[in-house]
Amino acid sequence: MTSPSFVDAYRSAAQDIPRPVAVLGCTRGSSRYAITVDSFMDVSYDPPTMAVSVYSGSRMAEQLEGAEVCALSILSAQQKGVAQWLGEPGQPVRGLLEPLDTTAAPSGAPLITEAAAWFDLAITDRVPVATHTIITATVTAVGARPGTPPLVHWADAYHRPSPR
């Protein structure tokens with residue numbers, strides 16, 4: 001078992017890595033689900049593939065277990081409220097997207113409207129790693145709003161990038 005002081009030191013150092021903020025969404029039946037994530041990456045350009053890390057004990061991980069598709073909305077710098085709303089611990093799993101402006105990806109998975117970019121994903125694998133599950137997925141559709149700055153998570157807070 002790792003010592004608590006080492007875990008705290010790791011967490012502190014990892015918070016100094018700036019990361020774009022996204023919303024991962026899926027549907028099960030007629031219900032839509034989403035969560036704020038900042039641990040995702042493009043894995044391959046050919047074929048286009050992405051990976052997303054989700055806490056295995058979360059209600060969103062449970063919804064993703066049976067999902068074949070999901071969508072990733074890269075939030076714009078103006079969408080801090082969306083990130084906070086969907087990232088708040090203890091939120092109800094159903095109806096969470098109701099107050100937000102959303103649209104459907106080609107697969108039907110929910111996307112956040114006005115996001116800086118989005119990726120429609122066909123889930124190919126789920127790999128348990130420590131306390132999380134890494135979901136890998138083939139990108140089946142993509143959209144972007146060129147010039148739209150992304151929301152960034154850094155030093156345990158949300159930030160807007162400085163203009164070029």
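Buried residues have under 20% relative accessible area and exposed residues over 50%, with partly exposed in between (1.4 Å probe, protein chains only). By this scale R32, with a relative accessible area of 26%, is partly exposed. The model is predicted: local features need pLDDT of at least 70, side-chain atom pairs count only at pLDDT 80 or more, and totals for chains, interfaces and linings use all residues. Residues are numbered from 1 along each chain as its sequence is written, and side-chain values use heavy atoms, with hydrogens and water left out.

**The sheet**

Helices (H or I, at least four residues) and strands (E, at least two) are DSSP runs numbered from the N terminus; two strands pair if DSSP finds at least two bridges between them. An open sheet is built from seven strands in the order β3-β2-β6-β9-β10-β5-β4, with antiparallel pairing. Because β3 (31-37) and β4 (40-45) at the edges each have a single partner strand, one side of each is left without a neighbour in the sheet. On average, neighbouring strands of this sheet are turned by 30 degrees against each other, direction ignored. Five bridges join β4 to β5 (residues 48-55) in the antiparallel sense, and F40 stands opposite V52 in β5. Helix α3 (residues 80-87) packs on the sheet, where it touches β2 (22-28) and β3, and its direction makes about 110 degrees with that of β3. Contact here means heavy atoms within 4.5 Å; axes are lines fitted to C-alpha atoms, for helices over the stretch in contact, and angles run from 0 to 180 degrees between N-to-C directions.

**Nonpolar cores**

A nonpolar core is a set of buried Ala, Val, Leu, Ile, Met, Phe, Trp, Tyr and Cys residues joined through side-chain atoms within 4.5 Å. The largest one has 23 residues, and those with the most contacts inside it are L24, F40, L64, L72, F119 and L121. Two or more residues each come from β2, β3, β5, α2 (59-65), β6 (69-74), β9 (117-129) and β10 (132-144). The largest share, four residues, is that of β9. Not counting residues up to four places away in sequence, F119 touches M50, C70, A71, L72, I74, V139, A141 and V142. Another core, of 12 residues, lies apart from it and includes V23, A34, L75 and I112.

**T133**

T133 lies in strand β10 and counts as buried at 19% relative accessibility. A polar contact of 2.9 Å joins its side chain to that of S56; such a contact is a pair of N or O atoms within 3.5 Å, where within protein one must be able to donate a hydrogen and the other to accept it, and residues adjacent in sequence count only if both atoms are side-chain atoms. Beyond its neighbours within four places in sequence, T133 is in contact with V52, S53, V54, S56, R126, V127 and P128.

**Salt bridges**

A salt bridge is a side-chain nitrogen of Lys or Arg within 4 Å of a carboxyl oxygen of Asp or Glu. The structure holds four salt bridges, including those tabulated here.

| Pair | N to O distance |
|---|---|
| R11 and D8 | 3.6 Å |
| E98 and R32 | 3.7 Å |
| R145 and E114 | 3.3 Å |

R11 and D8 both lie in helix α1 (residues 4-14), three residues apart, about one turn of the helix. E98 counts as exposed at 59% relative accessibility.
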